[in-house]
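User: I am new to this kind of model and would like to learn how to read it step by step. Could you take me through a few features, with the general idea before the particular case?

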Amino acid sequence: MIQVENLHKKFSKNQVLTGLDLNIQEGGIFAILGPNGSGKTTLIKIILGMVIADKGTVSVFGKHIKNKWKYRQEIEYLPQIANFPGNLRVKELIRMIKDLRQQPCEEKRLIELFGLQPFMDKKLATLSGGTKQKVNIVLAFMFNSPLIILDEPTTGLDPAALISLKELIQKEKQEGKTILITSHIMQFVEEVADEIVYLLEGKIYFKGGISELMEKTAQTNFEHAIAAIATKKSNA
Amino acid sequence: MRYLNGLLVIIIMFSGHCLSAETISVCSTCKIKSIKEGIKTAAEFDTLLIKKGTYKEFNILIDKPLTLLGENFPIIDGEDQGEIIRVTADNVTIDGLFIINVGTSYTSDYAAIRVVKSENFIIQNIVLEKLFFGIYLEKSNNGKVYHNKIIGDAVDEYNSGNGIQLWYSKNVEVDRNIVQGVRDGIYLEFSDNITINNNISTNNLRYGLHFMFSNDDIYTNNTFENNGAGVAVMFSKRIKMIGNTFRKNWGAAAFGMLLKEINDAEISGNTFEENTIGINIEGSNRIKYINNNFIKNGWAIKVLGACYTNTFEKNNFLYNSFDISYNSKLNDNVFNQNYWSDYAGYDLDQNGIGDVPYRPVKLFSYIVNRTPETIVLLRSLFMDIIDFSEKVSPVFTPDNLLDANPLMKRTK
Amino acid sequence: MLKILKYSFYDLMRSRWSYVYFLFYLALGFVLLFLNNDVSKAVITLMNIIIVLVPLIGTIFGVMYYYDSKEFTELLLAQPIKRSSIFLGQYLGVACSLTLSLVLGLGIPFLLYGLFKSNVIFDFSLLLVTGAFLTLIFTAIAFNIALSNENKIKGFGYAVLAWLFLAVVYDGLFLMSLIVFEEYPLDSFSLAATMFNPIDLSRTLILLKLDISALLGYTGAVFKEFFGTNTGLIISILMLLLWTVLPIGRLAYKAKRKDF
């Protein structure tokens, strides 16, 4: 589904990606992990075409994405920080995105699921962080696309919403979709992810299942296993 | 019976008059077929009635008091041979002719009608086309040039003549003429006490009206449009210029009015509109400028050289690029109670007079005088800032050049 | 692109600043016309205001809108929309709403005053066309500056400096160079220098209407050809178009290559 080859990206003096190769096949939930500044968001944004790579190629659905934009019809994206135009109402924002994408859409169910009905006529600037994140989730899940990319989806969510989110992710997985997630909440990752992609120093350090990872690091706890990668590397 | 006697007396008197002044017809089928022949046969004070037709004649000499009256504008075609009519007698009237093709020469000033050393002449209702000089008055006094139309096609100054020219002539009235496309529309040299009213002088190469060494003349209600310069008044005294309109005299050396070495003149109630320079003043003193309108000129008034004791009062300065321009730091002229559309002051005591004096000279006008190309920076913010600072504390412009009583409303 | 334009436009139409801008021009128009009762003077005053204020407002609004709508932009970037459409749409949204504020704000009082009966309709339309051009040009310049500067304060500063340079400093340098080189024939140079500054260019366009009498006072043949015929009008309008197209082109080019 996604092929990344020899990807390089530098922000001014900061080399973020150094020859990253990655192949993600269709179906399943992939967690992209890594310490702060390891290039998770950059990788996602390159896949989305928001950041332009210095070197290397990215193919999505078997096609190069350079200077293309139509392939984003098949991707749903939840950005890391839910910033929206402040003077739009929630209703208008949803209507606008629907208008822009012109695709079949099931926002009603999601609005009910996250209990957003009372906020539909409120301006986005007046919403709390958690509510904004819920709107963000609705926008990301309301279309029926084969590839879903979630950047820190759990930020600011209350437990009930978190459960709904997990259910939502599982449901999408069952429908055979491919889901990319980044998160700092290891418990959440452990619960939902089928496979881990671990980024370190601009490259893929590890790719495989959770059990594989624990084996490799000789840890019994997932969180410790992840921590072990970071410390081992820094000790070496 | 008594009535019959009276009638008889009248008839006798009438026929007696006819005997002394006959009317002689001239036409192609008449007994007399040419104008020259007509003049030869006519007695003094006779009338030559010239019927419609074309008369190919030139050098026609009128040497006795006659009236030449055209019927339905007969054409006199000079065929570019030279002068067409010359008047050397007093009491001559020329009326209703259409004169064309005056000869052009570099050595003599051929005219359509030349009046030489004669008095009491009347030249009226004449139409002139394809001319060199039009109506030329030479040392002739007490005459009238009335309601003529002079249409030239002059291209270059050196081989074109003037529409109406007065040379050493006095007490002449020039009224309701239309002059266009010649060198100078109306030209006066050494001619005093001339009245020039209601003429329209347009599209002339040099000046619409031109005074040289002529004194005590007056011109009113004339229109001067699109000439090289509207009116040039040079080396003359006591000229009155009232109620004239000067429009669209555009170009590098184009003025509505050019004053050069003029003293004691009065300029009032005139309108100067859309001229490159409204009035260009050089070395002129004791002139009163009252109730004139200066509208949308490049420079309303440009003062060059020494000009003393001139008064500018109750004029309207409306939307000119520059109101006044000086080339020196000295000022001996008075500006009082004018209306300036650029004035931005206030009138707290509501007496119709602005409480802050107005400085009509912009520093920018000095800069443009020095480097003309800077004109492209007109109305730029940078220039406005410079002009403003100069207005606050004058350094380059004459300190006393201001209108202490600027009007808040334009004068009617 | 039209959809983005629509949303940006509606977004701005609802913002307070558009109304302030609109009301400002409305008030200005009414004050100039109905208090002064002098259309010619009103046109001259408006011209002075337009060539200074319109670029400033265009610059500030452009920069402000760009930074304010960063989130909106990022939201859109993940959607299946062409990049250039996003930026051009936003740009046109800002430029159009500003132009609309200007045209309506000044147009309404002039219409009420009975402009169509007066003979300054030409001058006035030229004024509005020039104002529209200046809005398009300076909003585009502002977007370019904002796009090249992540730092909001820096971008804002550069934009204001750019305005200051084109509105005032440029003319100062221009004047000085004319005076320094006054012995040389300068008419081609001075016309060329005018072409390189959109504010000067618009000013020239208006001078052609208001001050033609003064402009024809200069003897240079190039000047005569430029101001005396329609050449000046045509060249100025073409140059203004070029000034509009170039920054928009750069905007589209830069937008394609930028990371978000």
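This is a predicted model: local features need pLDDT of at least 70, side-chain atom pairs count only at pLDDT 80 or more; totals for chains, interfaces and linings use all residues.

User: Which residues of α1(C) and α5(C) meet?

Analyst: From α1(C) come I4(C), L5(C), S8(C), F9(C), L12(C) and M13(C), and they meet residues of α5(C) that include I86(C), G89(C), L92(C), V94(C) and C96(C). Sorted by class, this contact of α1(C) with α5(C) has 9 nonpolar and 6 polar residues, and no charged residues.

User: What does UniProt list for chain C under "transmembrane region"?

Analyst: A record of this kind can be set beside the model. The unreviewed UniProt entry lists residues 20-36, 42-67, 88-112, 124-146, 158-181 and 233-253 of chain C as "transmembrane region". Over residues 88-112 of chain C the model is 100% helix and 0% strand, with end C-alpha atoms 35 Å apart, and residues 233-253 of chain C are likewise 100% helix and 0% strand, with their end C-alpha atoms 30 Å apart.

User: Which chains touch, and which pair has the most contacts?

Analyst: The size of an interface is often given as the accessible area lost when the parts come together, but here let us look at contacts. Of the 2 pairs of chains that touch, chains B and C have the most contacts between them, whereas chain A and chain B do not touch, their nearest C-alpha atoms being 37 Å apart.

User: How many residues does each side give where chain A touches chain C?

Analyst: Chain A gives 20 residues and chain C gives 20 residues. On the side of chain A, the elements that give two or more residues are α1 (40-48) and α2 (90-101), and α2(A) gives the most, with 5 residues. By class, that side divides into 12 nonpolar, 3 polar and 5 charged residues.

User: How many helices and strands does chain B have?

Analyst: Chain B has 4 helices and 39 strands, and its C-alpha trace spans about 90 × 60 × 30 Å along its principal axes. Of its 412 residues, 46% count as buried.

Terms used: Residues are numbered from 1 along each chain as its sequence is written. Chains are lettered from A and ligands numbered from 1 in the order in which they are written. Two residues are in contact if their C-beta atoms, placed from the backbone, lie within 7 Å. Ala, Val, Leu, Ile, Met, Phe, Trp, Tyr, Cys and Pro count as nonpolar, Asp, Glu, Lys and Arg as charged, and the others, Gly among them, as polar. A residue is buried if 20 or more other C-beta atoms lie within 10 Å of its own, exposed if 12 or fewer, and partly exposed in between; C-beta atoms are placed from the backbone. UniProt positions are given in the numbering used here, feature names are shortened, and annotations may be inferred rather than shown by experiment.
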